[in-house]
Structure formats: C-alpha cells, structure tokens
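User: I'd like to learn how to read confidence, pockets and cavities in a model. Please take me through one case.

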Amino acid sequence: MLAGLLYKTILASLILVISLVVAMYSTLIERKVAGWFQDRHGPNRTGPWGLLQPLADGVKLFFKEEFMPNTADKFLYILGPSLTMFIALLTSAAIPWGPDIVIAGKPYALQVADINIGVLYIFAILSIGVYGIMIGGWASNNKYALLGAVRASSQMISYELAMSLSIISIVMMTGSLSMREIVVQQQGFNWNIFYQPLGFLIFLICAFAETNRSPFDLPECETELVGGYHTEYSSMKLGFYLFSEYINMFISGAVMTTLFLGGYHFPFIDKLGLSPNVFALVSFMIFFTKITFFGFIFMWIRWTLPRFRYDQLMRLGWKSLIPLAILNVVITGVIILINLK
Amino acid sequence: MFTEYIFFFLSVLALYSAVMVLASKKPIHSVLFLTLTFFAIAGHYVLLNAQFLAVVHVIVYAGAIMVLFLFTVMLLNLNNDERSPKPVWAKTMVSIASGMLLLVLIGIFRTYDIKSAADPTLTQIGLVKNLGQILFHEFLLPFEISSVLFLTAMVGAVLLGKKEQI
C-alpha cells in the first residue's frame, strides 16, 4: 500500500517534470521549425544550437515588470493564468505511458490513475480548460481581452462537440472507456487510425481548435485583438499562458497517440523478447516519438497556413465537422452490427 | 478516516460557495462560485463511488452550462450600479416565502430516520458498466423517451434562435 503510494507519487512528479521540460523545449523547437520553414537559422546564440534559449526566455519572463491594470479584478487576474496551467497539467494523469514495469518482482503500471472512465475524464478536463482563459480575459477589464475570452469560450464549446463525437466511435469499437483498455486493444499494428481515418481527422482538427493553435488561434488573433485574452498580462503570468499552450500541445499529442496511433505499441512488439523493464523503456520511447511527430504537425501547420476568419471557423465546426462526426458514429455502428451477425 | 476529512472539506466548500453565489456583488463572481459548488458536489459523487456521475456532472454542468452562463454574463457586462434595487414589499415577500420553505424542510427532516447509508465501496451501481446495464435493460423506455425530449428541446431552441419568420 505504502510502496504503491510512493510509486504513484514518484511517477506523478516524473510526468510533471517531463511535461514541463518538453513544453520548455517545444518553444525552442517551434522557433527552429519556423526558421527552417522560412529559410533562416532560428535561435543559435545561446549555447550550442541555441539549446539554452528556453532558459534565457524563462529568466527574461521572470525578471520582466509585473504589471497589473488598475481596474482589474485582482484575485481573478491572478487566478486566470494559474488555473490555465493547473488544468493543462491535469490531463496527463489518465494517460498510459507504457506497459507495466517490474520493481522487486512486482508489476507497476506506468499510469498515474487507471480509472474506468479515462476517456470521459479527459473530456471533463478539456471542457473546463476554457475557464482560465475566460477568467483571465474578463478580469483584465480590457475590451480586446474580453473579446478574446468570449471567442475562446465559443470556439472551445463548439469544437468540443465534434471532438467528443469523434471519440464515441472509438469507444464503440473498443467497448471500454478506459484509456489502458483502448491501448491494449491496439496491440501491434492494429491501430485505430486504420479503422477510423475520418474520426482521426476530425479529432486532429478539433485538437488544433482546443489548444488555440494556428490556424484557429482566434482568441489571441493579434491583427484584430492586439494580443487577445492575454493583452494585459506581462512577466511570468503571460509566460504561464504561453507555456500552458505548449503543455496542451504535448498532452493532446499524447491523447491522440493513445486513442488513434496505438499508444506505446509498435509493429512486431511481441517478437523482441526483451526483459520487462527494457521493453517498457523501448515502448515509452516509441510513445514519445509518436507524440513528437504530432508536435511537429502542430508546428508545421502553424507556419504554413494562414488564420481562419471567425465565421469560417464556426461554419467549419458546426456545419462540417459535427455532421461528419455523427455520420462517422452511424457508419461505425452499422459496421459493428454487421460484424456481430 | 481520510475520506471523512475529504467529506467535511467538500461539504464546507459546497455550502460556502453556494452562499457566496447569493452574497457576492458581481454577477461573474456568482457564476464562478456556482461552478465551484458543482465541483464540490462532483467530489461528493466520487466519494460515493459514482465516478461516472461525477465526470458527467463536471462535463455537463461545469464544462458546458456554466461556460455558457459565464459567456452570457460577460457579454451583458452587468454592473452592480446598473441593477435597480428591489422594492421593500418584494424583499418581504421573498423572505416570507423562503422562510416557509425552510420550515417545511425542517418539518420533513426532523422526524426522518436517517438510516446509515450502504457502504459506497460495496455498492458498485455508480460504476459506468453497471449503470449502463441498468439504463439499457431495466429503464430502456424512460431513457429513450428522455433523449427524445432533449431532441425536442434542441429543435425548439434552434427554431427560437432563428431570426426570420417561419
């Protein structure tokens, strides 16, 4: 009991550190990728290949002036970024990071909480993710920030629907709401993406909208709204908002990998004959590679596609994605029914 | 023992934030306190081993309905000074009515024998599998009818939201 508790604490802290470090270095990779796409070098002055750039950025953010507008709602102004960060870090609890590892003859799961409603838990976190932005945008008492917050909330609510509907077909196929069960059923190369290509596409598009990434970064659309919901923020409070976006990217990559790309599974997984702990490490690296791939897609699209207009965003969400997702659910149901007979 | 502490913490949180919904001056604060109340109640569901209910509660109430509330209140941008003070007779009537309700509630629960509830760790009814079995076997008809009701409400909302005359 105590050993289990200790193990979970260590695992949770480890995942926290990994999420933060990955988010930190995503900022560097993002700028490197942008440089690559625009035929320039990107940051390369701080350390070899600019490897110390995230640290320099962090120090810069910490030492910038902490500014608070006079008319702001003080408590909510501070609560906004804190809540965004907190909620961004919550999702990783339900993700299975690898197969069981063996310590002193006992198996331990590489997952903080194997709840039987893991998929719903992730929905719940997604649906409350908008609070940080809304609270921060409203508390700034600035019209641009308020407009950004209002945009963020309607965008996230709209795309949540299509996202949930696209996962329902996965749940129907798997017959379980547990993340671990969903991964286990994609053993080897039996990935869900081959059965649910449309569902995957819908989920991917919605993930962009939910993480407020370009081409759907309308809440912070700088050509119309100055800086969007974080116009009034400075110093590390702004840093929290920017940082949580990268954590969200990492986590949504992990969720997409778990649901559609077979989690930590890879072809010929059972033919290696490795000892359990080495096997777990290899599987985790595979999982991590897949997440990195999604991270690259996020950056790739940001630096190649222009931003949507707001009415286009709403039309895409309500008139294309939701009907497509419902169609996907119906088709999946029919196929399952035919297979049963 | 530990769960007892959590129970008391959640109860105090739920009651405090419910009172603050009424007591806070700004509408936005009221909405946020109501959200907090919902989270505390979701915590109670988890303590009762009803994880499915807890998560659905968070998704539906905290995640969708309260966000819409917040959205509307933000757009209206209600200020404290814009709200007209209620006349005295209205305040008196509201106090009397709610006082009567309180009396009735006390009357009901004074003689009510509070049985010790079944151990929530033993009842597995709140788990999603058992709940699904019961909903789709024993209560299939009411379940389907309520979903038709939701559909009707949705169609009605869309019709009301349409600008031009039909």
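**Reading the model**

Analyst: Start with confidence. pLDDT is the predictor's confidence in each residue, from 0 to 100. Chain B has a mean pLDDT of 82, and 84% of its residues reach 70 or more. This is a predicted model, in which local features need pLDDT of at least 70, side-chain atom pairs count only at pLDDT 80 or more, and totals for chains, interfaces and linings use all residues. Residues are numbered from 1 along each chain as its sequence is written, chains are lettered from A and ligands numbered from 1 in the order written, and side-chain values use heavy atoms, without hydrogens and water.

User: How do I check the span of helix α1 of chain A?

Analyst: Take 1.5 Å times one less than the number of residues. Helix α1 of chain A (residues 2-37) has 36 residues, so it should span 52 Å; its end C-alpha atoms are 51 Å apart, which agrees. After α1(A) comes A:Asp39, with a positive phi near 60 degrees.

User: What lines the second largest pocket?

Analyst: On a 1 Å grid over the protein atoms alone, a pocket is an open set of points with protein on both sides within 12 Å along at least five of seven lines; a cavity is a set where a 1.4 Å probe fits but cannot get out; lining residues have an atom within 4 Å of a point. Grid points are joined across faces, edges and corners, and a volume is the space filled by probe spheres set on the points. The second largest pocket has a volume of about 1,600 Å³. Its lining has 38 residues; A:Phe86, A:Leu90, B:Phe39, B:Gly43 and B:Val58 lie nearest its centre. α2(B) gives the largest share, eleven residues.

User: And how many cavities of 30 Å³ or more are there?

Analyst: One. The largest cavity has a volume of about 380 Å³. Its 25 lining residues include A:Leu126, A:Met156, A:Glu210, A:Thr211 and A:Asn248, which lie nearest its centre. α10(A) gives the most to this lining, seven residues.

Notes: Helices (H or I, at least four residues) and strands (E, at least two) are DSSP runs, numbered from the N terminus.
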